[in-house]
Amino acid sequence: MQLYCPSLTKYERLATLEVKVGDLTIGNYHPIRIQTMTTTDTMDTMGTVEQSIRCIEAGAELVRITAPSIKEAHNLLPIKNELRKRGYTTPLVADIHFTPNAAEVAARIVEKVRINPGNYIDKKKFELLEYTDAEYQEEIDRIRDRFTPLVNICKEHGTAMRIGTNHGSLSDRIMSRYGDTANGMVESAMEFLRIAEDLHFRNIVLSMKSSNPQVMVQAYRLLVSTMQQELGHCYPLHLGVTEAGDGEDGRIKSAAGIGTLLEDGVGDTIRVSLTEDPEFELPVCRDLVRRYTQRAGHAPIAPVADPEKLPYSPFQFTKRTSIAIGNIGGKQVPVVVADLRHIPAITPAHLESIGYHYDEATDKWNIGDAAADYLFTGRQVLPFALPGTLQVIVDQETWQHAEDKSKYHPYFSDINSVSGISDVVNFVQVDAEQLGNGVLDALAQLKGNVVPVVASGNAHAMASVRRLLVGMMEQKLPHPVILQCNSAHQNADEDLIHFATETGALLLDGFGDGLWLTAAEKSSSPATLNNVAFGILQATRSRISKTEYISCPSCGRTLFDLQETTARIRAVTNHLKGVKIAIMGCIVNGPGEMADADFGYVGSGVGKITLYRGKEVVKRGLSSDVAVTELINLIRDNGMWVDGK
């Protein structure tokens, strides 16, 4: 065990207990299971059945259904009976939040029940509470009294349980003692887990979800470490980034968070929470899981000498320290390199795909917020004047003949053949697989403005690159680093998952001063690659270039059409760079998950909306017909509105 996983350099699944959910087995090296959650009203029996079937046929191995009250909990039985009657035996999971009584009903019906320790017994009013140790223990005893009946029912009926902590719904009690931290998330779950252990109930899966992938990753890692140290064993883990949003952004954010953990063998079941119909979540899950079906047996990576003395903390974000070379490294945001070498004759029109629009009438360039910082052209010197901020990387021999050496910079494909370097910046290809062949010593010998472009051909590429970067930290090499990632997949969907996982995992640990993504010419276009690069930087909070939406995936608790509303809000606010807007279907995670957002739009009744500024309620009970306009007014009143172009 190395801190939170079996190995930081060898792909190996984390050993966990085995959990039975109906006929499905989770954990203990069984395949990583994929699941989703229905969005229908649970009282709509046939609607829920039909949607469940669509999810099952799309690949769901578990289907979760909300049960916000005893009424819905009882209705799980006819839903289950109808599915079984039609020949579908996929396990059902009841999703419970504020109602222990509903959980106790559901646990007698379905194969698994999910509870949220932040609101199962405690309430959340954003109050600062003070406890003596004795008073705090009294609260734990109160939890034991209320939680024990559910455990006993699960034991009697063979029902599995998920203790699902959400960053957005930590109780006031936990927040008061531990703060809004990964530690608080872990302790929230451990309080319930300790009780279950005392009652000899182990048919449990745990989760640590957050809309912020950085918090989510740290919480899962800390949970594994805590379970290992305190219990001597680990429970299976269900992975997910909650309120990830929709479209490309939701997929990138989910892949960055979930993929970071899967890369280290952590995770036994996953759900991608998209603000879309639930069956669309399953292909993303499959693409994520498929990456690890043949990962074991990869080429060896040099082990870390002492994992307990890593030069960075996997439990707390700190950006790797580097020197600044031009606009790369130091305290600057990561840069993006666009690769257009495959285009035989690059024209100004080709630059539109990477954020630069040339207006011939005015002879001026318009530069977007997500415009690439560097362009790699291989052997081409461009026959036109460049936009003011764009710089070009070319092969070293081509650079020798370039007239403008302030705009053109050399790229060396072999670290051992670097000579005649530029006074401005030099890009040097570094193969992470050459770590044992003196690559760090060669890098240490390079003086001047050298930026390593680090990549790996290892099947376990992320760990290979991370190992090299750890070596750079150990030897105190200060060079800023461009993370280069190539996808050999044949479609843009798999490219996106690949890039977000491989580079997102490194960025979430503070590694990387730039991204350089490449793909097969017929899979992802330059525009797609550029958008994905900026999306990854946004998802990992490394560089903000657009509006961020924290949008829940909808469920039977949702009080308005979440997909339509999200689209409406996005349409009128997507030009507000750096503004974070949360769109929540109900109050379950609303105010808490929105603590990280600037503004919140939350369903508070049928057709009724409450608007938030951070955690503060600003307007209650607005009609959904006017709520989007009122949201714009709220943003405007707080000085964060700008008119769109």
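Student: Which residue does the side chain of Asp 268 meet in a salt bridge?

Tutor: Side chains of opposite charge can pair when their charged atoms come close. In this predicted model, where local features need pLDDT of at least 70, side-chain atom pairs count only at pLDDT 80 or more and totals for chains, interfaces and linings use all residues, the side chain of Asp 268 meets that of Arg 13, with 3.2 Å from N to O. The term salt bridge is used for a side-chain nitrogen of Lys or Arg within 4 Å of a carboxyl oxygen of Asp or Glu. Residues are numbered from 1 along each chain as its sequence is written, and side-chain values use heavy atoms, with hydrogens and water left out.

Student: Where in the chain do Asp 268 and Arg 13 lie?

Tutor: The pair links distant parts of the chain, 255 residues apart: Asp 268 is in the loop between α8 (247–263) and β10 (269–270), and Arg 13 is in the segment before β1 (19–21). Names such as these follow DSSP runs numbered from the N terminus, with helices (H or I) of at least four residues and strands (E) of at least two.

Student: Are Asp 268 and Arg 13 buried or exposed?

Tutor: The terms rest on relative accessible area, where buried means under 20%, exposed over 50% and partly exposed in between, with a 1.4 Å probe and protein chains only. Asp 268 has a value of 2% and is buried, and Arg 13, at 13%, counts as buried as well.

Student: How many salt bridges does a search of the whole structure find, and what do other pairs look like?

Tutor: The search finds 35 of them. One of these joins the side chains of Arg 341 and Asp 339 at 2.7 Å, N to O; here Arg 341 is partly exposed at 46%, whereas Asp 339 is buried at 11%. Another joins Asp 395 and Arg 379 at 4.0 Å, N to O. Asp 395 belongs to strand β17 (residues 391–395), while Arg 379 sits in the loop between β16 (374–378) and β17, 16 residues apart. Asp 395 counts as partly exposed at 23%, and Arg 379 is exposed at 73%. Salt bridges that share partners also join Glu 50, Glu 82, Lys 85 and Arg 86 into one network.

Student: Which residues have the most contacts inside the largest nonpolar core?

Tutor: A nonpolar core is a set of buried Ala, Val, Leu, Ile, Met, Phe, Trp, Tyr and Cys residues joined through side-chain atoms within 4.5 Å. The largest one here has 160 residues, and those with the most contacts inside it are Phe 147, Leu 150, Met 161, Leu 206, Met 227, Ile 270 and Leu 351. Helix α7 (residues 213–231) gives the largest share of this core, 10 residues. Apart from it lies another core, of 19 residues, among them Tyr 549, Leu 611, Ile 635 and Trp 641.

Student: What does Ile 270 touch?

Tutor: Contact means heavy atoms within 4.5 Å. Leaving aside residues up to four places away in sequence, Ile 270 touches a list that includes Ile 32, Ile 34, His 238, Leu 262, Cys 285 and Val 289.

Student: How do I read the way helices α13 and α14 pass each other?

Tutor: Axes are lines fitted to C-alpha atoms, for helices over the stretch in contact, and angles run from 0 to 180 degrees between N-to-C directions. The axes of α13 (residues 492–508) and α14 (residues 526–539) come within 10 Å and cross at roughly 35°. The contact is made by residues including Leu 496, Phe 499 and Leu 507 of α13 and Leu 529, Val 532 and Ile 536 of α14.

Student: Where is Thr 566, and what does Thr 566 touch?

Tutor: Thr 566 is placed in helix α15 (residues 562–573), and with a relative accessible area of 0% Thr 566 is buried. Not counting residues up to four places away in sequence, Thr 566 touches Asp 246, Thr 275, Ser 551 and Ile 583.

Student: Which backbone angle deserves a look at His 200?

Tutor: Phi of His 200 is near 60°, a positive value in a residue other than glycine. His 200 lies in the loop between α6 (182–198) and β8 (204–209) and counts as exposed at 70%.
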